[in-house]
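Student: Hi! Could you walk me through this one?
Tutor: Happy to, let's look at it together.

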Amino acid sequence: MVMPIVMYGAEIWYPGLNQQLKKTVKSFYVNNLRRILRVGSQTAIPAILLELGVFPVETQVKISLVKFAEKMQNNPTDKIFLNELLTTKNNKWSKFWNELLLECLQEPIIPQQEINQTFIYEATTKLQQNSAQIMLEQIKEMHSLSMYSVLKSSHQFEDYLSQISCTRKRTALSKFRLGNNILRIHTGTYTDEARESRKCRFCNGDDLEDEIHVFFECSFPEFQSLRNILQKQVQSEIYVDYAHPIDTLKSLLQKGTTSGLFAEYVFQMFKVINASFKQAKKIKTVLI
Ligand SMILES: [Zn+2]
């Protein structure tokens, strides 16, 4: 529902926008995607786009522009206008078009490039591949997404988003995957805590308080109880091997039934984590 509004006539007006206005359009789009996933504003944009299997606004505009140019080329009056636009120097629209051609064809500027169905297919594929590749590389660079970058290897809509009907469980799983939660590995970023100091506050061990440790390894009794329940629920479907948490996690997320049960586990775990911090805050307040 959001995209048809954002993209209406975008192939005409978007190339002419300045950087600030392009940023405004991007923010509007991403904020709506965040609402769909129900994740917070700190969640990394490439992760949001990858999780939903959608492309950035600019990529979508480029794809629309290729299709629009083909329509113009097939209409004699529009073709004159199109050629005029493409050959006019220092025109934002022709500059955007030429950059697009360079990205698709990896060749020097061709002002009168013939636009046919083959070109549309090849250009669209190339633009989508480039965009997906950039996003997958971006998530590898982000510390907050170290687990997500291992789980996410392709640009596609995640099945759990349509398979898990309970909003709270689905949201919990999204927040777990996308690093939008209150584990110390993430909150430490906002308090400028050194990464190596973000150790687990539940077992007071030497492990970092991140998703893999807390959800698969931590010896905190309440976590272990919930983990035992999960293990019993899924043991007929998959082999739960806590010595290899990433493989176990991948297996859990592969099937609709086990991903639903894992989402329930994540939801219950976040409840325990939130309650622990609330309790700790109360004690701190009383001591002060
Ligand atoms: Zn721990």
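Student: Is Tyr 265 buried or exposed, and why?
Tutor: Tyr 265 is buried, because 24 other C-beta atoms lie within 10 Å. The rule is that 20 or more other C-beta atoms within 10 Å of a residue's own make it buried, 12 or fewer make it exposed, and anything in between is partly exposed, with C-beta atoms placed from the backbone. Keep in mind that this is a predicted model, where local features need pLDDT of at least 70 and side-chain atom pairs count only at pLDDT 80 or more, while totals for chains, interfaces and linings use all residues. Residues are numbered from 1 along each chain as its sequence is written.

Student: Where does Tyr 265 sit?
Tutor: Tyr 265 is in helix H16, residues 256–287. Helices here are DSSP runs (H or I, at least four residues), strands are E runs of at least two, and both are numbered from the N terminus.

Student: And which residues is Tyr 265 in contact with?
Tutor: Setting aside neighbours within four places in sequence, Tyr 265 is in contact with Leu 226 and Leu 230. A contact means that the C-beta atoms of two residues, placed from the backbone, lie within 7 Å.

Student: What about Asp 210, where is that?
Tutor: Asp 210 is in the loop between helix H12 (184–190) and helix H13 (211–217). Asp 210 is buried, as it has 20 other C-beta atoms within 10 Å. Beyond its neighbours within four places in sequence, Asp 210 is in contact with Leu 183 and Ile 185.

Student: Okay, zooming out. How many helices and strands are there?
Tutor: The protein has 16 helices and zero strands. Its radius of gyration is 24 Å, well over the 19 Å that the globule rule gives for 288 residues, so the protein is more spread out than a compact globule. That radius is taken over C-alpha atoms, and the rule is 2.2 Å times the number of residues to the power 0.38.

Student: What box do the C-alpha atoms fill?
Tutor: Roughly 75 × 50 × 30 Å, taken along the principal axes. Of the 288 residues, 28% count as buried.

Student: Which domains is the protein divided into?
Tutor: Domain 1 covers 2–151 and domain 2 covers 160–287, with bounds from an automatic or database domain assignment. Their centres, taken over C-alpha atoms, are 36 Å apart. The contact between them takes 15 residues from each of domain 1 and domain 2.

Student: Which elements give two or more residues on the domain 1 side?
Tutor: Those are helix H4 (45–52) and helix H9 (146–151). H9 gives the most, with four residues. The residues on that side of domain 1 divide into eight nonpolar, five polar and two charged. Nonpolar means Ala, Val, Leu, Ile, Met, Phe, Trp, Tyr, Cys and Pro, charged means Asp, Glu, Lys and Arg, and the others, Gly among them, are polar.

Student: Switching to helix H8, what does it pack against?
Tutor: The buried residues of H8 pack against H4, helix H5 (57–73), helix H7 (92–105) and H9. Those buried residues are Ala 123, Leu 127, Ser 131, Met 135 and Ile 139. H8 (residues 117–141) has 25 residues and reaches 36 Å from its first C-alpha to its last, close to the 36 Å expected at 1.5 Å a residue. The expected span is 1.5 Å times one less than the number of residues.

Student: Last one: how many residues of H6 are buried?
Tutor: Of the 12 residues of H6, one is buried, so H6 lies largely in the open.
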